Every structure is written in C-alpha cells, then in structure tokens.
Amino acid sequence: MTRSFLFVLGSGRTGGNTETLARKAAEQLPSDVEQRWIHLSDHPLPDFEDLRHDDSLPRARPRPEGTEALLLDATLHATDIVIASPLYWYSLSATAKRYLDYWDAWLETPELDFKESLRGRTLWGVTALAHSEEEVAGPLIDTLNHTAAFFPMRFGGVLLGNGTRPGHVLADEQALLRAKTFFAREAPVARYPYEDTAGGTTDETAGDTAGDSDKAGDAVLTP
C-alpha cells in the first residue's frame with residue numbers, strides 16, 4: 001500500500017512548536033508520500049457522548065456526518081497517523097484526546113469495521129514540552145502506545161522537542177536532528193506493558209520512558 005500520512009494537529013495555536021517540529025520531520029518524507037494536515041481547532045468536534053449502554057438508542061451507531069465524517073474518512077485513508085499535540089498538563093491536548101475518544105464511537109459503527117481497518121497501520125506522536133526532563137511526557141507516550149496496542153497498530157514512538165514560545169523548538173538542535181530520521185524508523189507492533197514477549201519480559205523498549213539517558217538521546221522515548 002502506498003503510504004499516506006495524516007497529521008492531526010491538536011495545538012491551541014497555529015504554527016506552534018509542536019506543529020513546527022512535525023513539519024520539520026515531514027520534510028524528510030519521500031515526495032511520493034501523501035501528506036494531509038488537519039488542525040483540529042479548524043474542525044471542532046462536540047464533546048464525546050458515550051451512548052453504548054443507552055437502551056433507548058439503536059445499538060449500532062449510524063455512519064458519521066459533517067466534521068466527524070471528515071476526520072473519520074481522513075483516518076481510514078491514512079496508513080500513518082501522526083498525533084501532533086503539545087504536552088498540556090503532561091498529556092494530550094483536549095482536542096487531540098477528543099479525537100481519540102471518537103475512535104471509540106467508530107468502533108461502534110459496524111459497517112466501518114474500524115478495528116480491523118486500523119490493524120497494522122502506524123501511529124506516531126510529536127510533542128513539544130517546556131521541561132528539559134523528557135520523562136514528564138510519559139503519560140502522553142503511554143496514551144498513544146496503549147491506543148495503538150488495542151488494535152493492534154504499529155507505534156513509531158513520539159518525537160520530543162523543547163519549546164515554550166512559538167519558534168523556540170528551532171533552537172533545540174537535538175530535536176531537529178531526531179526529526180531528520182524520525183519517520184524512517186521501523187515501527188514495531190505496539191504492546192501493552194503487561195504483554196509478555198517470547199523471552200517472558202515486556203516490550204524490550206519499555207525502559208526508555210524511565211529515564212535511560214542513552215536511549216532518551218536517540219530519536220524518541222518509546223514505551
């Protein structure tokens with residue numbers, strides 16, 4: 001399948017550090033790889049309502065319309081989905097989290113076969129944070145890893161950069177260096193931390209979020 005990247009921008013501003021870092025990484029993609037960029041603030045979703053156990057409603061959810069349909073179709077079209085969200089209170093932004101909440105709704109739409117459709121595709125993350133201690137991004141990384149593990153999808157990890165005011169991330173030389181090869185990495189199938197591998201241990205990269213300084217200096221922190 002020809003690769004197609006969907007960049008889902010979850011920042012509260014346009015052109016912020018997270019978006020800047022994501023675009024630096026995307027510049028390295030081959031010219032024949034399709035890119036689509038969607039800023040969630042331009043396509044707001046209503047608050048997610050979990051109606052799965054409302055007996056007054058049909059069990060099967062109808063196919064979405066409007067903004068939800070736009071995001072659904074873009075998601076299903078992509079081979080690679082990149083959640084580009086700043087680190088807001090140590091996790092995803094509200095708009096990025098709401099987008100993922102709707103994945104649950106799409107699982108309830110039988111005609112989509114959403115879980116099978118996403119199986120084997122690749123989820124990536126990009127985030128800018130104000131801390132120099134990258135370990136604080138652990139909750140965001142875990143959220144994306146565990147989301148990918150559910151399907152399961154491949155998980156390429158999270159590209160981290162440091163920045164507060166717009167443009168600050170351009171001074172993070174290590175982040176810009178990591179961005180050059182970020183999407184060239186081989187993305188393993190995501191696993192939950194409790195899943196055993198053949199050797200009876202959890203995913204061999206699980207320790208990276210715990211502050212392994214050598215690995216943290218590489219492309220990503222990967223749970």
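Student: In which strand does Ala 128 lie?
Tutor: Ala 128 belongs to strand 4, residues 122-129. Helices (H or I, at least four residues) and strands (E, at least two) are DSSP runs, numbered from the N terminus. The model is a predicted one, in which local features need pLDDT of at least 70 and side-chain atom pairs count only at pLDDT 80 or more, whereas totals for chains, interfaces and linings use all residues. Residues are numbered from 1 along each chain as its sequence is written, and side-chain values use heavy atoms, with hydrogens and water left out.

Student: Why is Ala 128 called buried?
Tutor: Buried means under 20% relative accessible area, exposed over 50%, and partly exposed in between (1.4 Å probe, protein chains only). Ala 128 has a relative accessible area of 7%, and is therefore buried.

Student: Which residues are in contact with Ala 128, leaving aside its neighbours within four places in sequence?
Tutor: They are Asn 17, Thr 18, Ser 85, Pro 86, Leu 87 and Gly 161, where contact means heavy atoms within 4.5 Å. Ser 85 is 43 residues from Ala 128 in sequence, yet their C-alpha atoms are 7.6 Å apart.

Student: What makes the pair of Phe 150 and Phe 151 edge-to-face?
Tutor: Rings of Phe, Tyr and Trp (its six-membered ring) pair if their centres lie within 6.5 Å; planes under 30 degrees apart count as stacked, over 60 as edge-to-face and the rest as tilted. The structure holds 16 aromatic pairs. For Phe 150 and Phe 151, the centres are 5.2 Å apart and the planes are at 90°, so the pair is edge-to-face.

Student: Why is Phe 150 called partly exposed, and why is Phe 151 called buried?
Tutor: Phe 150 has 36% relative accessibility, so it counts as partly exposed. The relative accessible area of Phe 151 is 2%, and Phe 151 is therefore buried.

Student: How do you know that Tyr 192 and Tyr 194 are stacked?
Tutor: Their ring centres are 5.2 Å apart with 10° between the planes, so the pair is stacked. Tyr 194 is exposed because its relative accessible area is 61%.

Student: What lies over the face of Trp 37, and what lies over the face of Phe 150?
Tutor: A charge sits over a ring if NZ of Lys or CZ of Arg is within 6 Å of the ring centre and within 35 degrees of the ring normal. Arg 23 lies over the face of Trp 37, at 3.9 Å from the ring centre. Lys 115 lies over the face of Phe 150, at 4.3 Å from the ring centre.
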